[in-house]
Amino acid sequence: MKLSTSVSTAVLALAGAFSFANTAHAQGAAINQVGYLPGGAKWVVLPASAGDEFRLVRIGSDDVVLRGRLGPAQTWAPAGQSVRLADFSALTTAGEYELRVDNLPASPRIRIAPDAYAALTAASLKAFYFNRASTALEPRHAGRWARPAGHPDTDVLVHASAASDKRPEGTRISAPKGWYDAGDYNKYIVNSGITVYTLLAAWEQFPALFKAQKLDIPESNNDLPDVLDEVLWNLDWMLAMQDPADGGVYHKLTNKTFDGSQMPHQTKGERYVVAKGTAAALDFAAVMAHASRIYKPFEAQRPGLSARMREAAIAAWKWARANPKVVYKNPPDVRTGEYGDTQLEDEFAWAAAELYLTTGDAAYRDALKLQSQPIRVPSWGDVAGLGWMSLAQHRDKLAPADADLVTRRVRGLGDELAASWKASAYRLTMESATDFVWGSNSQALNQALMLIQAYRLSNDRAQLDAAQSVLDYVLGRNPLGMSYVTGFGVRSPMRPHHRPSEADGIDPPVPGFIVGGPNPGQQDQKNCPRYPSSLPALSYIDHDCSYAANEVAINWNAPLVYVAAAVQALTPPPR
């Protein structure tokens, strides 16, 4: 089904009003607070004390439209809770309902709609617009979150760590645009790598959904789809981060220390490009090779862009091959985010895969060493899974033996994740305490991303349903009864660690951002109120001091865009 989605200021305001009422969570039923698709899997989690039967009642009447039996009580270790599951997937009629169970209050509103995730997909993508550097956000596009321009980044210093013969320390270069990385105002190549790739993969795999989408950004009426316009804002900055003399790529563009809780135009101080590194060069090479393929059909609209990206990717690869172990470390006078990575085999594999698919050069296939490459759920520091994604998408370009290997490996990971989901008391792939890392919500969403790759190869419904359960989790079907996306759900973050949301004087935070989520590491504890629990799935506070649990980040939002779009596009209608 083709859905036309326009995210205007009015729509964003409505989404905000829905959340910011901050309706008290009815203790008992944990639901997806945004909604369910008619043909999708539908689960509610209830405490073990719930009665044995559940009833779905249409709101506005006492008509029972579905009855069912709860599953047996089981303990979900990450929260230390004994819970029971209600499966109401058999209800496929659009409408608004509540779930009733003896011994508990009625659930929050349950919405079933054929466009359940259309607004969420659009708002989580428009969040990138709200994090643009080097430009004003005008009221006609940003509504109440309009702001003046900050960080033009047209007069950036080359830091001593990045100095070269042709660009000695103190040289001034221009590298505008890009997205602010997270709650801070700096820009990082390594984290941009997985972010840009994930957004472009969403377009590549679900173009019909994104063609119909209008985000109400300044470029909305031009000749590119909005998603490609938004990603190009960051790609333009990334291209400026490559040293034209040798193909190396600066790791980040940054202040020497983090800005305070100020609006972008209020910040002061010099900006720097800091040391080149192998990880930055390889992430850049992979992204530019991928982007070269994505933008090639738009040659008439953007002449020469695809070829420029391809050449930039090749140059960065050559630099990395000549400098294979340049591990980035912050210089002593730079104290912003490091994104350090000492294991570079995955970056080499991802870049080789993308360059092979883009150029067809067998040398990249040899460098890939496909047979020995592991497959794991990706993160910014472990990007091998992204290479497997691209190879699965383009199996027709591979030798038969390679295509077969890719299919088996991707489906195998999907089977493992689906098996974990089936065995879970919470019907969730997040079963281990080690899943609840810094940015645990992105860990969950990247598990869903890989489940979807497997589903696209296997058509095994369990893999799609497991991905749906991840989306349910981040949208409220969790022990805290909280949607982790600003502006969506009856209870969502009101004080994210995000400088514009902290400093703009507006009560509602900028909408469409997913926060990091529960993190038992509690690395910010000395600067924050006490966390309510140390249990993995409960270790969360909604406070702007919390960079460990309540920060936003571009690499966390990108899989939210992808998973919401994929579930919307792939879920079949009811039979």
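The lining of the largest cavity is made of 7 nonpolar and 2 charged residues, with no polar ones (Ala, Val, Leu, Ile, Met, Phe, Trp, Tyr, Cys and Pro count as nonpolar, Asp, Glu, Lys and Arg as charged, the others, Gly among them, as polar). The model is predicted, so local features need pLDDT of at least 70 and side-chain atom pairs pLDDT 80 or more, while totals for chains, interfaces and linings use all residues. Residues are numbered from 1 along each chain as its sequence is written, and side-chain values use heavy atoms, leaving out hydrogens and water.

The residues lining that largest cavity are F130, L137, W145, A146, R147, M263, P500, D504 and V510. It holds about 60 Å³ of space, and the structure has 3 cavities of 30 Å³ or more. On a 1 Å grid over the protein atoms alone, a cavity is a set of points where a 1.4 Å probe fits but cannot get out; a pocket is an open set with protein on both sides within 12 Å along at least five of seven lines; lining residues have an atom within 4 Å of a point. Volume is the space filled by probe spheres set on the points.

The largest pocket has a volume of about 730 Å³. Its lining counts 32 residues, and D181, Y339, W438, E551 and W556 lie nearest the centre. By class, the pocket lining divides into 15 nonpolar, 11 polar and 6 charged residues. Three helices, α4 (189-205), α13 (440-458) and α16 (554-570), each supply at least two residues of this lining (helices are DSSP runs of H or I, at least four residues, numbered from the N terminus). Helix α16 gives the most, with 4 residues.

Helix α13 also packs against other helices. With helix α14 (residues 461-474), α13 makes an angle of about 160°, and the axes are 8 Å apart (lines fitted to C-alpha atoms over the stretch in contact, with angles from 0 to 180 degrees between N-to-C directions). This makes α13 roughly antiparallel to α14 (over 145 degrees; under 35 is roughly parallel, 65 to 115 roughly perpendicular, the rest oblique). The crossing of α13 and α14 is left-handed (the near helix is turned anticlockwise from the far one by less than a right angle). On the α13 side, N441, A444, L445, A448, L451, I452, A454, Y455 and S458 meet R461, Q463, L464, A466, A467, V470, Y473 and V474 of α14 (contact means heavy atoms within 4.5 Å). In this contact 13 residues are nonpolar, 3 polar and 1 charged.

Helix α11 packs against α13 too, at an angle of about 20° and with axes 11 Å apart. That makes α11 roughly parallel to α13, and α11 passes α13 in a left-handed crossing. G385, M389, A392 and Q393 of α11 make the contact with L449, M450, Q453, R456 and L457 of α13. The residues of this contact are 5 nonpolar, 3 polar and 1 charged.

Helix α11 (residues 384-393) has a further partner in helix α12 (residues 400-423): their axes come within 9 Å and cross at roughly 125°. The two are therefore oblique to each other, and the crossing of α11 and α12 is left-handed. Here W388, L391 and A392 of α11 meet L405, V406, R409 and V410 of α12. That contact of α11 with α12 has 6 nonpolar residues, no polar ones and 1 charged.
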